[in-house]
Amino acid sequence: MMNSSKQNELIVSKIKDGTVIDHIPAGRALSVLRILGIKGDEGYRIALVMNVESKKIGRKDIVKIEGREIDEKEASLITLIAPSATINIIRNYEVVEKRKIEVPKLIRGLIKCPNPQCITNNDIEALSKFVTISVKPLKLKCVYCETYITEDDVIRQIL
């Protein structure tokens, strides 16, 4: 598993086809799996690396999922809890697509407004819409009722 010149480095084998989500803030990898609906009994080979050193963000998590490519909605949800993440789509051991995901300026229908009086909670045709006020820390504002929602609120909802 280890070679002599890199005693303190973790070696995780390449995947043939699937998704690698890198630069996840430390401690959020399990939340990423939850967003993807992965419980562990689906049969995917998954490598989960948590709290490793990162030149970019200090400490990070990495998730590798063999045999599963994530879709746009999943990527959008991941960006809300891991704005620094990158998503790499792997086919035949090669990175065929590398996405640096960013928190969108407008978030439609992914999360609910916490205000019970908001029209989006009282009219089945009204889709929730949030404007991004800030990314770090995450702060969103409902377009309809102007209720603010924080990163903690988003994480509670998603999970």
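Modeller: Let us begin with a definition: buried means under 20% relative accessible area, exposed means over 50%, and partly exposed lies in between, with a 1.4 Å probe and protein chains only. The model is predicted, so local features need pLDDT of at least 70 and side-chain atom pairs count only at pLDDT 80 or more, while totals for chains, interfaces and linings use all residues. Residues are numbered from 1 along each chain as its sequence is written, and side-chain values use heavy atoms, with hydrogens and water left out.

Biologist: Why does Cys-118 count as buried?

Modeller: Cys-118 has 1% relative accessibility, and buried means under 20%, so Cys-118 counts as buried. Cys-118 lies in the loop between β6 and β7, where strands are DSSP runs of E with at least two residues and helices are runs of H or I with at least four, numbered from the N terminus.

Biologist: What makes Cys-113 and Thr-120 buried?

Modeller: The relative accessible area is 4% for Cys-113 and 13% for Thr-120; the limit is under 20%, and therefore Cys-113 is buried and Thr-120 is buried. Cys-113 is placed in the loop between β6 and β7, and Thr-120 lies in the loop between β6 (106-108) and β7 (129-134).

Biologist: Which residues does Cys-118 touch, apart from those up to four places away in sequence?

Modeller: Contact means heavy atoms within 4.5 Å, and with that sequence limit Cys-118 touches Cys-113, Cys-142, Tyr-144 and Cys-145. On the same terms, the residues that Cys-113 touches include Thr-120, Phe-130 and Thr-147.

Biologist: Which residues does the UniProt annotation "binding site" cover?

Modeller: According to the unreviewed UniProt entry, that annotation covers Cys-113, Cys-118, Cys-142 and Cys-145. Although they are spread over 33 residues of sequence, they cluster in space, with a largest C-alpha distance of 8.8 Å. Such annotations may be inferred rather than shown by experiment.

Biologist: Is Lys-14 buried or exposed?

Modeller: Lys-14 has 61% relative accessibility, and exposed means over 50%, so Lys-14 counts as exposed. Lys-14 lies in the segment before β1 (18-25), and, leaving aside its neighbours within four places in sequence, Lys-14 is in contact with Lys-64 and Tyr-93.

Biologist: Why are α2 and α3 called oblique to each other?

Modeller: The axes of helix α2 (residues 72-81) and helix α3 (residues 151-158) come within 9 Å and cross at roughly 140°. Angles under 35 degrees count as roughly parallel, over 145 as roughly antiparallel, 65 to 115 as roughly perpendicular and the rest as oblique, and therefore α2 and α3 are oblique to each other.

Biologist: Which residues meet where α2 contacts α3?

Modeller: Leu-77, Leu-80 and Ile-81 in α2 meet Glu-151, Val-154, Ile-155 and Ile-158 in α3. These residues divide into six nonpolar, no polar and one charged; Ala, Val, Leu, Ile, Met, Phe, Trp, Tyr, Cys and Pro count as nonpolar, Asp, Glu, Lys and Arg as charged, and the others, Gly among them, as polar.

Biologist: How do you know that Ile-158 counts as buried?

Modeller: Ile-158, which lies in helix α3, has 19% relative accessibility, and buried means under 20%, so Ile-158 counts as buried. Not counting residues up to four places away in sequence, Ile-158 touches Ile-35, Leu-77, Leu-80 and Ile-81.

Key. Axes are lines fitted to C-alpha atoms, for helices over the stretch in contact, and angles run from 0 to 180 degrees between N-to-C directions.
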